[in-house]
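Hi,

Here is the structure I promised to pass on.

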Amino acid sequence: MLAALISAALLLASAGQAAEEPVSKQAATSAANLEEARQHAAKAKVHYDLGEFDKAAEEYILVYRLRPLPALLFNIAQSYRQAGQYEKAKQFYKAYLRENPDPQSSAAVKKALKEIDELLAKERKTKESPPAGIREAPAEVAAAGRAAVPVAPPASAAAAPSPGSQAAPAAGAASTAVPAAGAAATQAVPAGTALAQPKPVQAPASALPAPAVTASREAPSSSRRTWTYVLAGTSVAMLAGGALFAVKAKNVDNELLAGPHSTATADDLMSQSKSAHGASTLLLLAGVAAGAGAGVLYFWPTSSGAAVAGRF
């Protein structure tokens, strides 16, 4: 009986030790993979900071094989985009959208995909378009063109006829083609007779424009003028605020697309971008509405015919 109990205890101890060995090996393997992934991630960041974007993408791919996190797909796409490999960048952006279908982060990724498609379309259009520019004409063609240009005779050739001659044939030969209207308006003048200069004809009084008549208006009410000033100032302030928020939103978008970020950082930047875009749109619309109200008060006359126009 004692021998049987001892044998059973030995069997249980050996079975427990055999069960613990796979667990410990699995934990050691996971720790080794995590350390290797950290090393590759550090190398990828160094390559990205040095502008070696292809090598950075390769290191991020190794990290993703060890630790398949969706944020790594975004970093791989960013690296390939900076390297100019737009097709690979599109592939990993789409993979990121599949693995992380978050509406906040997907907006920036879809914007990046749209920009890449536009760049690829421009490249294809540039490759397919014919060469532009103006070519120089051949020498013989240029020489023929210069020979075909008529040269005007010198002014001395059209001298006045001598006193003894009335209509010299040479003068008729010099003017061979005169339009009918010009021939009817031009008459022969005897030699030695000075041409009379035409006198300016004054336009009739009815043809002159009537002087502008400015109607006098009563001064507008002070309250209406005050509201015009207030609305104009409010419009300028809101438009300036909307422009500032638009600039802030653009800076946040550029920072989001400039480099790799963790998931928390990317979500924070996307939230800031959404808030800035919303505030910019609201302020711009309110500024335009305030400006329109100021314009109506400025130009629209009152019942007495007075307006704020010209009273600033």
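How many aromatic pairs does the count come to? Five, by the rule that rings of Phe, Tyr and Trp (its six-membered ring) pair if their centres lie within 6.5 Å. Bear in mind that this is a predicted model, where local features need pLDDT of at least 70 and side-chain atom pairs pLDDT 80 or more, while totals for chains, interfaces and linings use all residues. Residues are numbered from 1 along each chain as its sequence is written, and side-chain values use heavy atoms, leaving out hydrogens and water.

Phe74 is in helix α3 (residues 70–82) and Tyr96 in helix α4, 22 residues apart; helices here are DSSP runs (H or I, at least four residues), numbered from the N terminus. Both residues are buried (under 20% relative accessible area; exposed is over 50%, partly exposed in between, 1.4 Å probe, protein chains only). Ring pairs also join Phe74, Tyr93 and Tyr96 into a cluster.

Tyr80 in α3 and Phe92 in α4 are 12 residues apart. Their ring centres lie 5.8 Å apart with planes at 25°, so that pair is stacked. Tyr80 is buried at 7% relative accessibility, and Phe92 is buried too, at 15%.

Elsewhere, Ser30 belongs to helix α1 (residues 2–49) and is partly exposed, with a relative accessible area of 41%. Its C-alpha is 9.3 Å from that of Leu66, 36 residues away in sequence.

Cheers

Terms used. Helices (H or I, at least four residues) and strands (E, at least two) are DSSP runs, numbered from the N terminus. Rings of Phe, Tyr and Trp (its six-membered ring) pair if their centres lie within 6.5 Å; planes under 30 degrees apart count as stacked, over 60 as edge-to-face and the rest as tilted.
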